[in-house]
Amino acid sequence: MLRNAWYVAAWADEIDAGPIERKILGDPVVLWRKEDGGPAAVSAFCSHRRLSLANGHVVGDRIACGYHGLEFGADGTCLNVPCQQGVPKGADIRGYPVEQRWGLVWIWMGDVARADPATIIDVPHWGTSDWGYNRGAAMTYACNYLLITDNLLDPSHVAWVHPTSFGGSSCEAVPMRTREAPDGLTVSRWIMDAPVTPFYRDLVPFSGNADRLQHYEVRYPSLAVIKAVFVPAGQGGDGLPLGPDAFVMDSYNFITPETETTSRYYWFQLRNVRPDDAALSDAMSAAVLAAFSEDLAVLNEVQRGMTAMPDLPISIATDAGPLRFRHRLNQLITAEAGH
Ligand code: FES
Ligand SMILES: [Fe+2]
């Protein structure tokens, strides 16, 4: 897995009540909130008797172990051993750079010197008054994170996995366009003059058929921006300006590998209609959760099949995007390991 990258460690509000433990890229990590409100993260287990520091408590900016009170700073340095002079050698643990942004806590799992918060993904419209926001709880998938990025780069699956929500019978035949950029891959297509699919029917502010953009962009190592655009039929197409009736929903998807076979999935949406409609936000979160649960059920079963039959499966035309993404990510991982 790529270590020199920002991953989502938690929702920001998950560390409000006290320290929590998470597994990220195989590393057990404990996160807490410092006195100044900023997040902190260190390796989970105390250097003394290996009690998880999630069982401890926060003292100012430090976390104190719940067994014998050793105190650690946000960089993992052991700063106090109660009832004795000085700190023994080997008491320090690992600290991880963390940053709070977009309602999430981001963690840098690689070389501390290379952690640059400016490289955290930008989220246009976040926190602006004319865009609505909704989110759900993070989900835990029992599958490798690349099965999720494969799925995000494969919009063809919506016709089979999500027939009653995102999909529609008109989707299957329209080919995808794949574009490669230094930071990731985008597959997209315009589906022209088709009925609005069920998930979006109440959201789209016009009646009749629509031209619909499906834009699935996945960035290395495992973030996805999915755009859904609906415009009245006849107005859609690449590079054309969006008219006043256009509906836009940007879906942000952040996948954090826990282990080789489990992943955490954080998501939220931003929409350009009815920004203050809380009931709509709740309904959207529920609908997205229902649809993503359909992905989860399939991908967990795919993982089971992959584990049972580990030899290379066949590929078909719709795998072109996912395979390209995996190839490039592999190159990045190999280059990182070579340092
Ligand atoms: S186990 Fe943490 S202080 Fe003893
Ligand atoms: Fe899906």
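How many bridges join β5 to strand β6? I started my notes there. This is a predicted model, so I'm reading everything below as a prediction.

**Entry 1: the β5–β6 pair.** I counted three bridges between β5 and β6, and the two strands run antiparallel. β6 covers residues 62–64. I picked out one pairing to look at: His57 has Ala64 in β6 as its bridge partner.

**Entry 2: the whole sheet.** Next I asked myself what order the strands take in this sheet. I read it as β5-β6-β7-β8, an open sheet of four strands with antiparallel pairing. Then I wondered which strands stand at the edges. They are β5 (57–59) and β8 (78–80). Each has a single partner strand, so one side of each is left without a neighbour in the sheet. A reminder to myself: strands of a sheet pair through backbone hydrogen bonds.

**Entry 3: the domains.** I zoomed out to the chain, which is divided into domain 1, residues 6–119, and domain 2, residues 132–337. I looked up how far apart their C-alpha centres lie, and got 33 Å.

**Entry 4: where the domains touch.** I found eight residues of domain 1 in contact with seven residues of domain 2. Which elements give two or more residues to the domain 1 side of this contact? I noted β1 (6–11) and β2 (20–24). The largest share comes from β1, with three residues. Last, I sorted that side of domain 1 by class: six residues are nonpolar, one is polar and one is charged.

Technical notes:
Residues numbered from 1 in each chain as written. Chains lettered and ligands numbered in written order. Predicted model: local features only at pLDDT ≥ 70, side-chain atom pairs only at ≥ 80, totals over all residues. Pairing = 2+ DSSP bridges. Domains from an automatic or database assignment. Contact = placed C-beta atoms within 7 Å. Nonpolar A, V, L, I, M, F, W, Y, C, P; charged D, E, K, R; others polar.
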